[in-house]
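Hello,

Here is the structure I promised to pass on. Please have it open while you read; my notes follow below.

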Amino acid sequence: MKVTFEDGSTLTFTSGDGREDIEDETDVINVTYWLSAFAAPRIYQTFSRVPPREHILRLLDVYLSYVKKGAHYAAPQFRPVHYERRLPLATRLRELFEQWTQPELPQEIVDISRALIEHEGIKAPACGWDAYEDPEAGGIKLEDSLLWPEGVPAILKGQWPPKQSKR
């Protein structure tokens, strides 16, 4: 990741082995959050709005670039993780979103989203995706913690980070 300061000087953050492949880490995390929304139709159906197709396609383009590099950021929650299965799934997911008729969430989008989460090394919820309820971290609904074109609503509303309770 590269940060450019007002005076034009830069500071570059690299992974432990010196590669700059962490540049898109935040966007990849945001894609993963969106995948979890698409993987849980009960939660997605509670959203007050539908994400613009162009926004999801941009995030999927970032994700495809990340996958093509063979990168993976999160420590896996189980092994083995089949990272090699991500590219064909992500490519197909992008094709589906190119043809997406909003606001419907076709089963193939749900299934691929679930598979991609698994192939990132992230466990499915213990109750299963179909029974999964909105996690509401710190009282913030998943919808407000996702990256939308204008930003993350919880941040824009001053709700993030959640206030720590005093003990």
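**The largest pocket**

The lining of the largest pocket counts 22 residues, and those nearest its centre are Tyr 33, Ser 36, Pro 135, Leu 142 and Ser 145. Two elements each give two or more residues to this lining: H1 and helix H6 (142-145). H1 supplies the largest share, with 6 residues. By residue type, the lining splits into 15 nonpolar, 6 polar and 1 charged. The space inside comes to about 520 Å³.

Bear in mind that this is a predicted model.

**The chain overall**

The protein chain has 167 residues, and 40% of them are buried. Its secondary structure amounts to 7 helices and 2 strands. Along the sequence the order is β-β-α-α-α-α-α-α-α. Take the contacts in the chain with a separation of 6 or more: 62% of these are between residues 24 or more positions apart.

**The aromatic residues**

There are 10 aromatic pairs in the model. One of them joins Trp 34 and Phe 47. Their ring centres are 6.4 Å apart and their planes stand at 75 degrees, so this pair is edge-to-face; the cut-off for that class is over 60 degrees.

Where do the two partners, Trp 34 and Phe 47, lie? Trp 34 is in helix H1 (residues 25-39). Phe 47 is in the loop between helix H2 (41-44) and helix H3 (53-68). The pair therefore ties together parts that are 13 residues apart in sequence.

Tyr 44 is buried, with a relative accessible area of 7%.

Which residues make up the aromatic cluster around these pairs? Trp 34, Phe 38, Tyr 44, Phe 47, Phe 97, Trp 100 and Trp 148 form one cluster. One member, Trp 148, has a charged neighbour: Arg 49 lies over the face of its ring, 3.7 Å from the ring centre.

**Where to look**

Then turn to Arg 49 over Trp 148.

Best wishes

Notes
Residues are numbered from 1 along each chain as its sequence is written. This is a predicted model: local features need pLDDT of at least 70, side-chain atom pairs count only at pLDDT 80 or more; totals for chains, interfaces and linings use all residues. Side-chain values use heavy atoms; hydrogens and water are left out. Rings of Phe, Tyr and Trp (its six-membered ring) pair if their centres lie within 6.5 Å; planes under 30 degrees apart count as stacked, over 60 as edge-to-face and the rest as tilted. Helices (H or I, at least four residues) and strands (E, at least two) are DSSP runs, numbered from the N terminus. Buried means under 20% relative accessible area, exposed over 50%, partly exposed in between (1.4 Å probe, protein chains only). A charge sits over a ring if NZ of Lys or CZ of Arg is within 6 Å of the ring centre and within 35 degrees of the ring normal. On a 1 Å grid over the protein atoms alone, a cavity is a set of points where a 1.4 Å probe fits but cannot get out, and a pocket is an open set with protein on both sides within 12 Å along at least five of seven lines; lining residues have an atom within 4 Å of a point. Grid points are joined across faces, edges and corners, and a volume is the space filled by probe spheres set on the points. Ala, Val, Leu, Ile, Met, Phe, Trp, Tyr, Cys and Pro count as nonpolar, Asp, Glu, Lys and Arg as charged, and the others, Gly among them, as polar. Contact means heavy atoms within 4.5 Å.
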